[in-house]
Each structure stands twice: as structure tokens, then as C-alpha cells.
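Hello,

Here is the structure I promised to pass on.

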Amino acid sequence: PEEKTLLTHFNVKEDTMPANATFVVDRITWRRVSPTSLETVAALVFQQKDAQFIRAVDLTPNQVHMGIQNASPYNVWRVDVPIALLNDDVIVGVGWAYMERFASGEERSIDVGFGFSSYPRVTTATSYPRANILDPSATY
């Protein structure tokens, strides 16, 4: 409930994406999660540091460079990192990265390419790191 995330995989080609598409979540089922699991989820914190959008120059594509820190007490096998390019509050581009074997307290730099598209003004880049911490096999 009340979760906000970036939806990035619709399996639709960019040139055939319909205008004004809507996304509907239907037939929701709930299952009970133990209080211990909720404490585990609350402790899973990834912090973004120093995000920079770098425009394409000559043969170098647009890219985002940022740091991500695993500020949780958990070592995680895989962390997915969707990244949004924003013009104020409007998303103008989306990219994707992932990190494997991301240890507690570790900080990594990531670079994500955004091709050679001519983006309008980009004011910030924001990441939405996530891992399925409720899956017992997600941590090591």
C-alpha cells in the first residue's frame, strides 16, 4: 500500500506505444506478512549519491553517472535500478541498471547509457533501487 515505483517494462516497442496509455491493476490478492518481514523491508535502504546527466557528445551517448550505497544491514544478490530522467517533475527518459552481490555498507558507481536521443531539458536523474527482500534467497 502507498508504494511508489517506476514502471519500466511494458514489452511494447517505443515507436508503437499508444498515446495516453493507462495502467490498471486488477484482481489484487493480499497475503499476510509477518511483522519480522516488515521490519526487514523497512531496513532495506539504498541511497543515491551525486547523480549527473551527461549529454551526448560526438560518439559518446547520453549517460547518467551516480553512486548507490547499500545502507541496509543486508547483503543482496541482485538490486534492480530503474533510473528516470526528469524535467522538473515530468519524466523525459527511463534507463535500467542492476548490481549483483551488493554488500551491506558498500557504495558503487554506476553509469547508464541513454542513447543519442535529443532530450529536452533534464533537471535531475533519480533512481528507484529495489530488491525482493521478502524472498529468502535474495540475501547472502
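Below is what I found in it, site by site.

One caution before the details: this is a predicted model.

I started with glutamine 69, in strand 2 (residues 63-70). Is glutamine 69 buried or exposed? Its relative accessible area is 18%. The cut-off for buried is under 20%, so glutamine 69 counts as buried. Its side chain makes a polar contact with the side chain of lysine 49, at 3.1 Å. Leaving aside residues up to four places away in sequence, glutamine 69 touches Val45, Phe46, Gln47 and Lys49, among others. Phe102, Gly105, Glu106 and Glu107 are also on its contact list.

Two of those neighbours, lysine 49 and glutamate 107, turn up again below.

Salt bridges

How many salt bridges does the structure hold? There are four. Here are three of them.

Glutamate 107 pairs with lysine 49 in a salt bridge, and the closest N and O atoms are 3.7 Å apart. This pair links distant parts of the chain. Glutamate 107 belongs to strand 5 (residues 107-113), lysine 49 to strand 1 (residues 46-54), and the two are 58 residues apart. Lysine 49 therefore has both a salt bridge to glutamate 107 and a polar contact with glutamine 69, and its relative accessibility of 27% makes it partly exposed. Glutamate 107 is partly exposed too, at 45%.

Arginine 108 bridges to glutamate 106, with 2.8 Å between the closest N and O atoms. Arginine 108 is partly exposed, with a relative accessible area of 22%. Glutamate 106 has 25% and is also partly exposed. Glutamate 106 is another of the residues that glutamine 69 touches.

Aspartate 80 and arginine 78 form a further salt bridge, their closest N and O atoms lying 2.9 Å apart. Arginine 78 is partly exposed, at 38% relative accessibility.

A nonpolar patch

Which residues form a nonpolar patch on the surface? They are Leu7, Phe23, Val25, Ile28 and Trp30. Together they have about 600 Å² of accessible area. Tryptophan 30 lies in the segment before helix 1 (35-43). Its relative accessible area is 66%. Exposed means over 50%, so tryptophan 30 qualifies.

Best wishes

Notes:
Residues numbered from 1 in each chain as written. Predicted model: local features only at pLDDT ≥ 70, side-chain atom pairs only at ≥ 80, totals over all residues. Heavy atoms only, no water. Helix = DSSP H or I, 4+ residues; strand = E, 2+ residues; numbered from the N terminus. Buried < 20%, exposed > 50% of the residue type's maximum accessible area, 1.4 Å probe, protein only. Polar contact = N/O pair within 3.5 Å; in protein donor to acceptor, adjacent residues only side chain to side chain. Contact = heavy atoms within 4.5 Å. Salt bridge = Lys/Arg side-chain N within 4 Å of Asp/Glu carboxyl O. Patch = residues over 30% accessible without salt bridge, like charges linked within 9 Å, V, L, I, M, F, W, Y side chains within 5 Å. Areas by Shrake-Rupley, 256 points an atom, 1.4 Å probe, with all protein chains shown as cover.
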